[in-house]
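Please have the structure in view while reading.

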Amino acid sequence: MNSFPRVAALWCLISVVAFGQSVHPVANVFDPKATPADSVYSVSMLMLAICAAIFLVVGGLLAFTIVRFRRRKLDDSREPAQVYGSNRIEIAWTVIPVLIVLVLSMATARTVLEVQNKRMPANALKVTVVGHQWWWEFRYPDLGIVAANELHVPLSTVAKPAHTLLKLESADVAHSFWVPQLAGKTDVIPGITNTMWIDPRQEGIFLGNCAEYCGTQHANMLLRVIVEPPADFEKWAAAQKLDAALDPRMESARATFLSLSCINCHAVSGTPATGTFGPDLSHLMSRSTLGSGVIPNTPENLRSWVKDPQAIKRGNLMPNMQLNSRELDEIVIYLSSLK
Ligand code: CUA
């Protein structure tokens, strides 16, 4: 027996349930919280409405035809009247789709221009986003801050609008920066600087991810945008600007860290560690996740990550350093002090 209809029905059911629950804010393009996302949302709605109308007309006509002209028991077996060609119908099904495509292209072009040509106020916060395999670097050139994977930006209100202007660059291959609730996706291309902007009007954490296949761990190139009131943002920025903590109790742990090859890839401000290949670790403990959003930043997870990053995010560019247990303890103790 052909199981296709049952499989198809099950698939539809799963999709409906998955969509309805919308467990992953990542995919939620239907809940915009910033102006560029509002614009994308409006075009999506227009497009969905037109597609729904087409579906209803075509599906309705099909259903009507199937029911109205089905073979009845008493039918004689003669063929019905055969009709060849109709200029009026040909013209209708050429002109109507052309008009629909025209409306959609014009609406899309208008939205793209509106978002792209928006003049940024001089006080807009500037952030350079660098896509790496497979993590995000966030540089705030005016503030002298380098962070990773968690982008802090100020909340925008009617009384005090706050825009963040993002310059997108790549350190290796093509990526795409996408936080569905804040803006449409923008490609991150090697050798080219793209720009985008956001003005989030709701506090909170907004999840995003890389939206352009960039290698094995593309799906785990996650990011979060932390939108906070300007005062909290200033507080965060002030803490990030400081050199990494120099706790005298960490003397020996720090020495171990600095003696290992960690420092070839990672930077810790105020120390000889100045690597730029991996994420800056100066304020690692201010981040809530490790491995670009893959696991929560807990002491146990940090230890597992340093011990064998490949077991957690296979293929990522941090090798297993084969640390002995004393070294591992000291590295974890030192990293845990980087508030
Ligand atoms: Cu970076 Cu996909």
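## The open sheet

Five strands, in the order S4-S10-S9-S6-S7, make up an open sheet with mixed pairing. At its edges lie strand S4 (150-154) and strand S7 (186-188), each of which pairs on one side only. From one strand to the next, the twist averages 25°. Helices (H or I, at least four residues) and strands (E, at least two) are DSSP runs, numbered from the N terminus; two strands pair if DSSP finds at least two bridges between them.

The model is predicted: local features need pLDDT of at least 70, side-chain atom pairs count only at pLDDT 80 or more, and totals for chains, interfaces and linings use all residues. Residues are numbered from 1 along each chain as its sequence is written, and side-chain values use heavy atoms, with hydrogens and water left out.

Six bridges join strand S9 (residues 204-210) to strand S10 (residues 222-228) in the antiparallel sense. Phe206 has Val225 in S10 as its bridge partner.

Helix H4 (residues 230-241) packs on the sheet and touches S4 and S10; contact means heavy atoms within 4.5 Å. The direction of H4 makes about 135° with that of S4. Axes are lines fitted to C-alpha atoms, for helices over the stretch in contact, and angles run from 0 to 180 degrees between N-to-C directions.

## The two sides of helix H6

Helix H6 (residues 299-307) has Leu302, Trp305 and Val306 buried. Seen down the axis of H6, these buried residues fall within an arc of 95° (taken from the directions from the helix axis to the C-beta atoms), so they line one face of the helix. Glu300 and Lys307, on the other side of H6, are exposed. Buried means under 20% relative accessible area, exposed over 50%, and partly exposed in between (1.4 Å probe, protein chains only).

The cover over the buried residues of H6 includes strand S11 (289-290), strand S12 (295-296), helix H7 (309-312) and helix H8 (325-336).
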